[in-house]
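Have the viewer open as you read.

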Amino acid sequence: MISKKVNLEKLEESKKYSVGAYSARYLQKVIEKGIPKYEFPKKGMSPRAAYQLVHDELSLDGNPFLNLASFVNTWMEPEADKLVMENINKNIIDIFEYPQTDKVIHKNIVNMLGRLFNGHSTEFMGTATAGSSEAIMLGLLAHKWSWKNSGRGTGKPNIVFGEDAHVCWDKFAKYFDVNAVKIPIDKETRTITADAVSEHIDENTICVGCVLGTTFTGEIDPIKDINNLLLEYKTEKDWDIPIHIDAASGGFILPFTEPDFEWDFRLDRVRSINVSGHKYGLTYPGLGWLIFRDEKDLPKDLIFTVDYLGEQEETYTLNFSGSSAMVVAQYYNILRFGRAGYTGIMKNILKVSRDLAEELDKLGRFEMLNIGERLPIIAFRQKKETEYSLLQLSHKLREKGWIVPAYSLPKNAENIEIMRIVIRENFTLDMAAIIIDDIEKACQFLENEAKLGAKEYRPPKTGLTKIC
Ligand SMILES: *Cc1c(COP(=O)(O)O)cnc(C)c1O
């Protein structure tokens, strides 16, 4: 995402320009060189030509429907699409101009989520964010401030979380100058354990992070045990260490599929929760939520009041302007589906993921690590030593359009190479049958290649296996 330096002088002439196959016909004159790639164009072009050019360039992207690497939702109903377009030009921060969006819809959703997560505030503190990453940073920042205000420790603050946490936890530690104390994951459970947390916390710990569906394997941390542990520390040492739950993927699944499972505000130490609207909240990309258990969990001095836009308003976000379209889309989904609708959708997704896991298991090739029982995330490794790696299998599957990442587990389990499939709503049982067939054929192909002593297949190292 970070653009590397382009040395225009050294760049081959042909690489400085771009032009799409179809767009050329709209440009109305013979293109001698093309459209400059790295220089702001001197003149414009017709809307037709510009559209076609951008469209052509994007046609090289993968198909979002076949992207089994990502948790992010790729489809909404036409009525939602309509609302998105009707609201895409509204700036959510302009609450004076668009009071309905902020004061009604945004507030309604924050309160609905607070109650969905079994909190008891009369009015919940929380905010829409660009995604779970921003929500996590804001949640942890609040805990850093509370720790500072409490005077509990005087050293450099630290935050405790598992090696398998999402990269945004490391980002928080670095960007907000907090020591990241990372717990190696347990080989058996592939999560952190309460015992390990106990060994790592001290008076400077601002927060312990627990994940409801880890990015690596979809596992759930033992949140209740960690809650009980921190309760003991609270009584014995008067250490008021909060838990932040990263429910990016699980927060819109488990409240519907396992309402009795206690991971949320029912546990005393859980003081803040984030969830991605654009994952199983079923909106398009650009939406996360941060909900605090109690008003007291968000220190007042972090809330800014601004009045440039016509009315005094309080904000707790890293960004300022942004479209209100996804908040509106979230509201649409909640009204449209209700608890019953979300429950049905999530149960279907889980059924597809369990069936796919079962079929994968039947191939006899893989040891299943996560069979999509509680969250629609399937993780598996090779059963025996094979002549090809899962990374090679991943590249072979890409030929059919499937994007299935393969990677090594984090510290302590780093010699385990796994493959992960994330099932979303648009993935059907038919598609499951096709991918099983494609996986089997790809494995056979790689086995044959190896037998024939064909040149060793070396997939490129970059690009294809990004974890989202
Ligand atoms: C996806 C994910 C994130 C990051 O969420 P964004 O909404 O993409 O910013 C953080 N934690 C977990 C566990 C995730 O699955």
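A polar side-chain atom of S276 sits 2.9 Å from an oxygen atom of the ligand. Keep in mind that this is a predicted model.

| Residue | Protein atom | Distance to a ligand oxygen |
|---|---|---|
| S276 | polar side-chain atom | 2.9 Å |

How much of the ligand does the protein bury? Taken alone, the ligand exposes 380 Å², and 91% of that is buried by the protein.

Zooming out to the shell, there are 13 residues around the ligand, and the nearest are S132, S133, D246, H278 and K279. By type, the shell splits into 8 polar, 3 nonpolar and 2 charged residues.

Now for the backbone. Which loop holds N118? It's the one between α3 (99-116) and β3 (126-129). N118 isn't a glycine, yet its phi is positive, near 60 degrees. N118 counts as partly exposed, because its relative accessible area of 27% falls between the 20% and 50% cut-offs.

R190 is another non-glycine with a positive phi, about 55 degrees. You'll find R190 in the loop between β5 (179-183) and α6 (194-200). Is R190 buried or exposed? Its relative accessible area is 13%, which is under the 20% cut-off, so R190 is buried.

Note on methods
Residues numbered from 1 in each chain as written. Predicted model: local features only at pLDDT ≥ 70, side-chain atom pairs only at ≥ 80, totals over all residues. Heavy atoms only, no water. Near = heavy atom within 4 Å. Polar contact = N/O pair within 3.5 Å; in protein donor to acceptor, adjacent residues only side chain to side chain. Areas by Shrake-Rupley, 256 points an atom, 1.4 Å probe, with all protein chains shown as cover. Nonpolar A, V, L, I, M, F, W, Y, C, P; charged D, E, K, R; others polar. Helix = DSSP H or I, 4+ residues; strand = E, 2+ residues; numbered from the N terminus. Buried < 20%, exposed > 50% of the residue type's maximum accessible area, 1.4 Å probe, protein only.
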